[in-house]
Amino acid sequence: MRIMKNPNISSSIKDGDVKMEEEGSVKRRESEKPPEDDCCPICFGNFSIPCKTNCGHWFCASCILQLWYYRSTLRRCKCPICCCLISKLVPEASLLAQQEEDVVELLKKIRRYNHLYISGAYGIFLKVLALPLLTRRVLRALMDTLMDPDQVRLNYYLMRILALFLSWIYCSCEFQFIPTGGLGIWRLFDICAIATVAIFYLVGLYHRWVLRRRVRQLAVLPIHPD
């Protein structure tokens with residue numbers, strides 16, 4: 001016995017499945033909100049412009065971006081909770097319709113972060129467009145390394161190697177525009193390298209002292225309950 005299929009029934013079933021999928025996607029978008037009884041794990045305050053990581057944790061957009069700015073140079077930021085590498089930040093859905101200047105600026109920074117870690121040819125193209133940002137981050141990381149008092153020995157050897165390389169270039173090109181007196185070009189560059197390391201070391205010690213002083217001042221501030 002042959003069973004005849006009713007095309008109207010099959011089409012209605014498909015329409016019902018499509019509607020259920022659309023309702024499910026709407027509910028998922030509406031549920032993409034941080035827990036109401038939770039706080040940002042970085043600043044321990046209420047969520048300000050919240051965004052969700054690919055590992056499922058919520059942070060303030062400004063907090064997680066600041067953590068990325070100061071923790072790594074070109075690598076992806078690590079989640080402070082589970083140490084998973086963050087390859088995508090998803091802002092709260094309701095933020096996309098806002099027009100406030102600070103919200104729009106942070107959403108641009110979130111998109112810029114996401115673009116840096118897209119794989120494939122399109123990701124390479126986006127990295128080329130982000131070269132100014134990457135250059136600034138590399139220079140900032142270099143300055144942080146030079147001003148780190150714990151890296152003084154490494155900086156000392158690297159700067160002396162750089163001085164040797166510069167003196168070799170100077171002698172190979174037969175330049176004569178630097179007055180060396182009786183020191184010689186190599187000795188002059190070497191003294192400049194040692195002086196540079198010493199200056200950065202002192203600046204790093206002062207910077208660390210200022211940071212520790214601010215931490216001590218914040219630690220003694222009274223906590224005012226809401």
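So, Cys83: this residue sits in the loop between α2 and β3 (89–91), with helices being DSSP runs of H or I of at least four residues, strands runs of E of at least two, and both numbered from the N terminus. Its phi is near 65°, a positive value in a residue other than glycine. Most residues other than glycine have a negative phi. Cys83 is also exposed, at a relative accessible area of 52%; exposed is over 50%, buried is under 20%, and partly exposed is in between, with a 1.4 Å probe and protein chains only.

Quick caveat before I go on. This is a predicted model, where local features need pLDDT of at least 70 and side-chain atom pairs count only at pLDDT 80 or more, while totals for chains, interfaces and linings use all residues. Residues are numbered from 1 along each chain as its sequence is written, and side-chain values use heavy atoms, with hydrogens and water left out.

Okay, Ile49. Here's another non-glycine with a positive phi, about 55°, in the loop between α1 (7–31) and β1 (50–53). Buried or exposed, this Ile49? Buried, at 12% relative accessibility.

On to the rings. There are 8 aromatic pairs in the structure, taking rings of Phe, Tyr and Trp (its six-membered ring) with centres within 6.5 Å, and calling planes under 30 degrees apart stacked, over 60 edge-to-face and the rest tilted. One of them is Trp68 with Tyr113, edge-to-face, 4.9 Å centre to centre and 90° between the planes. Trp68 is in helix α2 (residues 61–71) and Tyr113 in helix α3 (residues 101–116), so this pair ties together parts 45 residues apart in sequence. Trp68 is buried at 3%, and Tyr113 is buried too, at 2%. Elsewhere, ring pairs join Tyr170, Phe175, Phe177 and Phe189 into a cluster.

Last stop, the largest pocket. A pocket here is an open set of points on a 1 Å grid over the protein atoms alone, where a 1.4 Å probe fits, with protein on both sides within 12 Å along at least five of seven lines; lining residues have an atom within 4 Å of a point. This one holds about 340 Å³, the volume being the space filled by probe spheres set on points joined across faces, edges and corners. The lining splits into 5 nonpolar, 4 polar and 4 charged, where Ala, Val, Leu, Ile, Met, Phe, Trp, Tyr, Cys and Pro are nonpolar, Asp, Glu, Lys and Arg charged, and the others, Gly among them, polar.
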